[in-house]
Amino acid sequence: MSEAASVPHAADRRELTAAQRNAVAELLRVSPVADELGRRFARAGHELHLVGGSVRDALLGRLGEDLDFCTDAHPDETVRIIKGWAESIWETGREFGTIGLQRDGLRIEITTFRAEAYDQVSRNPIVEYGTSLTEDLRRRDFTINAMAVSVPDHRFTDPHGGLDDLAAKVIRTPGTPRESFGDDPLRMLRAARFAAQLRFTVHPDVHEAMTRMAADLDRITAERIRDEFTKLLCGADPITGLRLLVDTGLAERFLPELTGLKLEIDEHAQHKDVYEHTLTVVSNAVSFETDGCDFVLRMAALMHDVGKPATKSVGPDGRVSFHHHEVVGARLTKARMKALRYPKDVTAQVVNLVALHLRFYGYGRGEWTDSAVRRYVTDAGDLLPRLHKLTRSDCTTRNRRKAAQLAADYDALEERIARIAAEEDLARVRPDLDGNAIMELLGVPPGPVVGRAWQYLKELRLERGPLERDEAEAELLRWAREQGLIDQS
């Protein structure tokens, strides 16, 4: 692919911008496969265009291994053209005119031109095949996703000014926002998601339509909302996306706990309100990531204080407190993530972090015994590294002396954990006697008694650390006598 024949088309004689040069480099990387595929369609008398997010990402210099194409060929014809050339083919999207294939490490989806309409009640489209690229691009969500590059001749098509919007970092719809969002309300959430992912600003007309039509999001399934929200929270700038959700009223439709935080004042008066504190904690959590988005950590940071509105109280001295808000917050988090259909294991991790996020406070007063440290580690389990990050993220005080003291206290706790871990296997805290030893010593069969004895010995292990075998056996027998399980003599 030569620069002269690539983006933009020869009809546009403007000098290549940095974004366009990125596109040239990115498209060169995939052009052997893309152009070969385009030639197959051309020989069959059909058009083929790289389209949508693939063109956008190419212009941004971040094209991945998944490529989207559109064509005037119908699915049956597409299958005929790629059969014998594709390494594998899947037809799960045939109902919507999409055929998938894999070739040379690239995952490709080819969709027949669409001119679909929506029933204005659900988001389900009434699929109608279109006849032109222009018609297909007109139906797309945003102008930055409504550009195309034909293959193999590399003609650039941009009827709605997507290239200019990409340069201006603006999210705008090809038609009117009201028409676009009326067709598919999920696009409102996608606007906030792209703002978070790309660090773009939504056009004022788009913002206004999102605000006026927020209630239409109720037409969308929980699973679809969940997927878009997850992408938003994992964006490069989730704070921008979250603010958009709250400011437009979209958050109220599926995450009202976030909006509710704006009403509560932080008891430490560190920020104007708990909402601002929460956004700072999310931002802090992002800064602790080392290998891409950690959704569990970000979600825990977002939800860690959602129990405050329900637990707010004002003391005689006028001081505001939120006693046990971590317990209430964990319960609310579990209910909200269940409503959004998050997997149970992901939900459990976020809920546990919310429940544990306050445990550290008080450590600096010197009240923690080694037993308390063991329980902290054991209760956190595999979440301990994330709990460290969440707890540090939650320190948002502007008082430098207080911030330094909290950081020093947590440094001391981590050092103490490391010291005890070196002496004991904290990651695998188990009773000093296993189930077989318990049954043999007490002369009982498998059952509830063994479980109770095991739990007692584990608590003892957490309280006192490792015990010698003789000492553990003596403690078990003493407990069994107190429980009336064996003769007192």
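A residue counts as buried under 20% relative accessible area, as exposed over 50%, and as partly exposed in between (1.4 Å probe, protein chains only). Cys395, with a relative accessible area of 21%, is therefore partly exposed. Cys70 has a relative accessible area of 0% and so is buried.

The structure is a predicted model, in which local features need pLDDT of at least 70, side-chain atom pairs count only at pLDDT 80 or more, and totals for chains, interfaces and linings use all residues. Residues are numbered from 1 along each chain as its sequence is written, and side-chain values use heavy atoms, with hydrogens and water left out.

The chain as a whole comes first. Of its 489 residues, 50% count as buried. It holds 23 helices and 13 strands, taken as DSSP runs (helices H or I, at least four residues; strands E, at least two) and numbered from the N terminus. The accessible surface is about 22800 Å², and carbon and sulfur atoms account for 48% of that; such areas come from the Shrake-Rupley method with a 1.4 Å probe, and for residues only the protein chains shown count as cover. A contact means heavy atoms within 4.5 Å. Among contacts between residues at least 6 apart in sequence, 64% join residues at least 24 apart.

Confidence is given by pLDDT, the predictor's value for each residue on a scale from 0 to 100. The chain averages 85, and 87% of the residues score at least 70. Residues 1-16 stay under 50, and the model has 31 contacts beyond four places in sequence for them. Over residues 266-272 the pLDDT is also below 50, and this stretch has 23 contacts beyond near neighbours in sequence. Where pLDDT is low, the predicted coordinates should not be read in detail.

One link between separate parts of the chain is covalent. With a disulfide defined as a pair of cysteine sulfur atoms within 2.5 Å, the count is 1. The bond joins Cys234 to Cys293, with an S to S distance of 2.0 Å, and its angle of -60 degrees about the S-S bond makes it left-handed. Cys234 lies in the loop between helix 9 and helix 10 (238-248), and Cys293 in the loop between helix 13 (274-287) and helix 14 (295-303), so the pair ties together parts 59 residues apart in sequence. Cys234 is partly exposed because its relative accessibility is 27%; Cys293, at 32%, is partly exposed too.

Aromatic rings supply further links. Rings of Phe, Tyr and Trp (its six-membered ring) pair if their centres lie within 6.5 Å; planes under 30 degrees apart are stacked, over 60 edge-to-face, and the rest tilted. This rule gives 4 aromatic pairs. One of them is Phe229 with Phe254, edge-to-face because the centres are 5.6 Å apart and the planes stand at 70 degrees. Phe229 sits in helix 9 (residues 222-233) and Phe254 in helix 11 (residues 250-254), so that pair links distant parts of the chain, 25 residues apart. Both Phe229 and Phe254 are buried.

Phe360 and Tyr410 also pair edge-to-face, since their ring centres lie 4.6 Å apart with the planes at 65 degrees. Phe360 is in the loop between helix 17 (344-356) and helix 18 (370-380), and Tyr410 is in helix 20 (residues 400-423), 50 residues apart. Phe360 is buried at 4% relative accessibility, and Tyr410 is buried at 1%.
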